Amino acid sequence: MPALPSLISMMTQLIASPSISCSQASWDQSNKGVIQLLESWLTSLGFACEIMPLPDQPNKFNLIATLGSGDGGLVLSGHTDTVPYDEGRWQSDPFALEERDQKLYGLGSCDMKGFFAIVLDTVQQMQLSDLKQPLIILATADEESSMSGARVLAEQGSVKARYALIGEPTSLTPIHAHKGIMMKRIQVTGQAGHSSNPALGNNAMDAMHSVMSELMTFRKQLKKQYRDANFVIDYPTMNFGCIHGGDNPNRICGRCELEFDLRALPGMSNQSLMAEIAQILPSIEERTGTTIQLNSLFPDVPSFYTPIESDIIKACEALTKRQASTVAFATEGPFLNQMGMETLILGPGSIDQAHQPNEFMALDQIQPMQQVIRGLIERFCLQSHEQKK
């Protein structure tokens, strides 16, 4: 079996293959180069690789690489895309891995191409010819934009395993829950006219004032009704992020738009919240004589929760000597849970460095992460059911 490149070399090659995903077409790129690198390395290790183009996105791909067989097993999962970068604000080339001050700099170093290099380097050092349960490496597309890669996998039920780890940067802390997120736009359409005579038009901004007042009341109700002490911000949040309306002080505002996000706690339904917001709007429409539309800016991400008693949570708490916690950011975790896997989020590097200029992974994160990966493979793939009990 040919030896893989070194961990640093693999990380260098992955970062050198741009794979930005973005809702803006001018930034958006294919992840094909990253998928092909991973497929070549995993094939050389004996994995059976399946590359899956996304429906309606022929330049975006998921990769499922499987070693061994059985009805249990472990998935090690990551996304292959990165966010865009701030040109001129990096001290080095974002696509050239550079080591400085015991840190590895590059776009995707911690979020999360570095994770794949760590996984591959760990796996090649292990004796995996006698797996009792399968080991699956999963690489997804477009996590940073639509999460369409993970959504497709969940819809198709493409991945079968008992446990899953997503290597998002958590500074090696096991994460068992995060809030959901939905981003919405409310558009109020009135009638423009000369501001000297209010009767000549119907002010959409006035109606939006009513919409915002009702939403603020709804926000207070959510905060009063729902609490989860596992979270630092222990209640659902709603943020009015941007508002646009009108075009001139001497014209009645004919249209006004509000964009907001709502982050729900585990156990809350995004669909139910959307329905409750939708119920608020008709009475405002009728009262103000406007037309009000409610739309999604992108598909919702459900909240994520895996019980703290799960075997993989307990195993990772033991391996890291850290208690499982929660985070505010969203991941592909809920989609893996939908496929029947007990999932946790745990990876090297800090989320504080993700999405930032001069993104890096500290070198001292690598060896502890390899110990976690090794321990999980031994526990869930190499031991028999009897041994695990």
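## Exercises on a predicted model

Val 188 stands opposite Cys 256 in β13, and the model in which this position is examined is a predicted one.

**Exercise 1.** Describe helix α9 by its span and by its buried residues.

*Solution.* First take the span: α9 comprises residues 366-382, 17 residues in number, and reaches 22 Å from its first C-alpha to its last, which is close to the 24 Å expected at 1.5 Å a residue. Then turn to burial, where the buried residues of α9 include Ile 366, Met 369, Gln 370, Val 372, Ile 373, Gly 375, Leu 376, Ile 377, Phe 380 and Cys 381. To read such a list, recall that an α-helix has 3.6 residues a turn, so residues three or four places apart point the same way.

**Exercise 2.** How many aromatic pairs does the structure hold, and which parts of the chain do two of them connect?

*Solution.* The structure holds five aromatic pairs. One of them, between Tyr 85 and Phe 95, is edge-to-face, with 5.4 Å from centre to centre and 90 degrees between the planes. Both residues lie in the loop between β3 (74-79) and β4 (98-100), so this pair ties together parts that are 10 residues apart in sequence. Phe 95 has a relative accessible area of 19%, and it counts as buried because the cut-off is under 20%. A tilted pair is formed by Tyr 163 and Phe 380, at 4.3 Å centre to centre and with 35 degrees between the planes. This pair links distant parts of the chain, with Tyr 163 in strand β7 (residues 163-166) and Phe 380 in helix α9, 217 residues apart; both residues are buried. To complete the picture around the β3-β4 loop, note that Trp 27, Tyr 85 and Phe 95 form one aromatic cluster.

Methods:
Residues numbered from 1 in each chain as written. Predicted model: local features only at pLDDT ≥ 70, side-chain atom pairs only at ≥ 80, totals over all residues. Heavy atoms only, no water. Helix = DSSP H or I, 4+ residues; strand = E, 2+ residues; numbered from the N terminus. Expected span 1.5 Å × (residues − 1). Buried < 20%, exposed > 50% of the residue type's maximum accessible area, 1.4 Å probe, protein only. Pairing = 2+ DSSP bridges. Phe/Tyr/Trp six-rings, centres within 6.5 Å; stacked < 30°, edge-to-face > 60°.
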